[in-house]
Each structure stands twice: as structure tokens, then as C-alpha cells.
Amino acid sequence: MIWLIAGIVVFLGIHSVRVVAPGYRDRMIARYGENAWKGIYSLVSLAGFVLLVWGYAQARPDAAFLYEPPVWIRHIVMLFILVAMILLVAAYLPAGHIKKRVKHPMITAVKVWAFAHLLANGDAASLILFLSFLAWAVWNRIAVKRRGDPVFGTVSARYDIIAVAVGTVLTVWFIMQLHAYLFGVSPL
């Protein structure tokens with residue numbers, strides 16, 4: 001479990017720099033340049049992610065089960081994952097109505113994804129992982145809101161259509177193949 005927790009700390013820690021120490025990020029960019037900062041940020045993120053995934057894989061088989069989700073919850077979870085995937089895609093597109101309404105679709109996608117996985121997994125390792133991400137996303141959204149919500153100029157429903165289409169295709173691919181391939185567990 002220690003490797004899982006270490007991975008969570010490293011991964012969410014680097015993703016919290018702007019919230020915890022916004023001046024540090026700005027100083028690093030001024031000192032080394034934006035590309036160097038992005039490179040360091042990416043390497044630390046990747047290292048944290050690898051550690052997190054490896055730690056989760058090590059911890060999960062021996063983790064205590066705290067609750068057993070009912071079988072029917074899978075359908076609700078898949079719906080939540082569809083919403084999360086659409087929000088994730090919308091975060092990377094120019095402003096559509098989804099992005100304008102949600103304001104921070106990436107953070108909301110993380111919240112929905114983490115909550116869905118909490119519904120689907122009742123073991124201690126999963127609870128630690130997904131509660132950490134859910135708590136981080138809630139905390140991050142509060143911090144981002146204090147900085148001020150983004151202002152969107154022209155919005156286009158075209159980007160909403162793309163987000164829904166791509167998000168749906170990604171969700172189906174993930175549910176049918178990719179989740180089992182990457183994590184060894186089929187959501188079906």
C-alpha cells in the first residue's frame with residue numbers, strides 16, 4: 001500500500017503546485033523557461049502515475065473489502081464514465097456550451113470518474129486511490145474558483161457535438177477493450 005500512497009502523493013502533488021505554491025511555478029518558468037518546466041512537470045507526473053498504477057496493482061489483491069457493490073451498479077458507473085469522458089474531451093476543445101456551462105470540465109471529469117469508481121470498487125486500495133482523486137478534484141475546483149472562472153468568448157455547439165461523439169467512442173472502446181487491456185479488469 002505504501003507504493004500506492006507514494007504514487008498518489010507524487011502524481012497529485014505535482015498537479016497541486018499551482019494551488020499550493022503558484023509563485024513556485026512562475027519562478028521555475030521564469031528561471032528555466034516554459035518548455036523546461038513542462039518537461040519536469042511531465043516527467044514527475046509520469047513517474048507518479050507509473051508508481052501509482054504499480055502500487056495499486058500490488059495493493060489491490062491483498063486489500064480488505066469494505067463493501068461489495070451490487071451488480072446493477074455497473075450500468076450506472078458506465079453512464080458516469082460516459083459523462084466523464086465527454087467532459088474530458090470537452091476540456092481540450094475550444095469553447096462549446098458544455099465547456100462554458102461546466103467552466104472546468106477536466107476537474108469535473110475527474111470528480112465524476114473518481115465517484116464512479118468508488119461506486120464500482122469496495123476494496124481498501126480502490127477507496128484510497130479514488131477518494132484521493134475525488135478529494136483532490138474538489139479541493140482543486142475550490143482553488144480554481146478563487147482565482148476566477150474563465151471567460152469564454154464565442155462558443156459553438158460544433159465543439160459539443162465533437163465532445164459527445166469522441167467521448168462516446170472513447171467510452172465504448174474503453175469499456176469493450178482498453179480497460180481490460182490496461183488494468184486487467186473488464187468493466188462488463
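The model is predicted. The structure holds 9 aromatic pairs. A search of the whole structure finds 1 cavity of 30 Å³ or more.

**Aromatic pairs**

- A pair of aromatic rings is described by the distance of the centres and the angle of the planes.
- Among the 9 aromatic pairs of the structure is that of tyrosine 56 and phenylalanine 130, an edge-to-face pair with 6.2 Å centre to centre and 75 degrees between the planes.
- This pair links distant parts of the chain. Tyrosine 56 sits in helix H4 (residues 34-59) and phenylalanine 130 in helix H8, 74 residues apart.
- Tyrosine 56 has 16% relative accessibility, so it counts as buried, the limit being under 20%.
- Phenylalanine 130 counts as buried too, because its relative accessibility is 4% and the limit is under 20%.
- Phenylalanine 130 also pairs with tryptophan 113: the ring centres are 5.2 Å apart. Their planes stand at 75 degrees, and planes over 60 degrees apart count as edge-to-face, so this pair is edge-to-face.
- Tryptophan 113 belongs to helix H7 (residues 105-120) and phenylalanine 130 to helix H8, so the pair ties together parts 17 residues apart in sequence.
- Tryptophan 113 is at 28% relative accessibility, so it counts as partly exposed, between the limits of 20% and 50%.
- One aromatic cluster is formed by Phe11, Phe49, Tyr56, Trp113, Phe130 and Phe133.

**The cavity**

- Rolling a probe the size of a water molecule over the atoms shows where empty space is left.
- The largest cavity holds about 30 Å³ of space.
- Its lining consists of Ala90, Leu93, Pro94, Gly96, Lys99, Tyr159, Asp160 and Ala163.
- By class, the lining of the largest cavity has 5 nonpolar, 1 polar and 2 charged residues.
- Helix H9 (residues 157-183) supplies the largest share of this lining, 3 residues.

**Serine 126**

- Serine 126 is placed in helix H8 (residues 124-147).
- Its relative accessible area is 1%, so serine 126 is buried, the limit being under 20%.
- The side chain of serine 126 makes a polar contact with the side chain of aspartate 123, at 2.7 Å.
- Not counting residues up to four places away in sequence, serine 126 touches Tyr56, Arg60, Leu118, Asn121 and Leu131. Of these, Tyr56 is also a member of the aromatic cluster.

**Histidine 179**

- Histidine 179 is found in helix H9. That helix also gives the largest share of the cavity lining.
- With a relative accessible area of 16%, histidine 179 is buried, because the limit is under 20%.
- Histidine 179 is in contact with His117, Phe174, Gly184, Val185 and Pro187, leaving aside neighbours within four places in sequence.

**Leucine 82**

- Leucine 82 has its place in helix H5 (residues 73-91).
- Its relative accessibility is 24%, so leucine 82 counts as partly exposed, between the limits of 20% and 50%.
- Leucine 82 and tryptophan 113 are 31 residues apart in sequence. In space they are 9.1 Å apart, C-alpha to C-alpha.
- Leucine 82 touches Gly167, Thr168 and Thr171, not counting residues up to four places away in sequence.

Technical notes
Residues are numbered from 1 along each chain as its sequence is written. This is a predicted model: local features need pLDDT of at least 70, side-chain atom pairs count only at pLDDT 80 or more; totals for chains, interfaces and linings use all residues. Side-chain values use heavy atoms; hydrogens and water are left out. Helices (H or I, at least four residues) and strands (E, at least two) are DSSP runs, numbered from the N terminus. Buried means under 20% relative accessible area, exposed over 50%, partly exposed in between (1.4 Å probe, protein chains only). A polar contact is a pair of N or O atoms within 3.5 Å; within protein, one must be able to donate a hydrogen and the other to accept it, and residues adjacent in sequence count only if both atoms are side-chain atoms. Contact means heavy atoms within 4.5 Å. On a 1 Å grid over the protein atoms alone, a cavity is a set of points where a 1.4 Å probe fits but cannot get out, and a pocket is an open set with protein on both sides within 12 Å along at least five of seven lines; lining residues have an atom within 4 Å of a point. Grid points are joined across faces, edges and corners, and a volume is the space filled by probe spheres set on the points. Ala, Val, Leu, Ile, Met, Phe, Trp, Tyr, Cys and Pro count as nonpolar, Asp, Glu, Lys and Arg as charged, and the others, Gly among them, as polar. Rings of Phe, Tyr and Trp (its six-membered ring) pair if their centres lie within 6.5 Å; planes under 30 degrees apart count as stacked, over 60 as edge-to-face and the rest as tilted.
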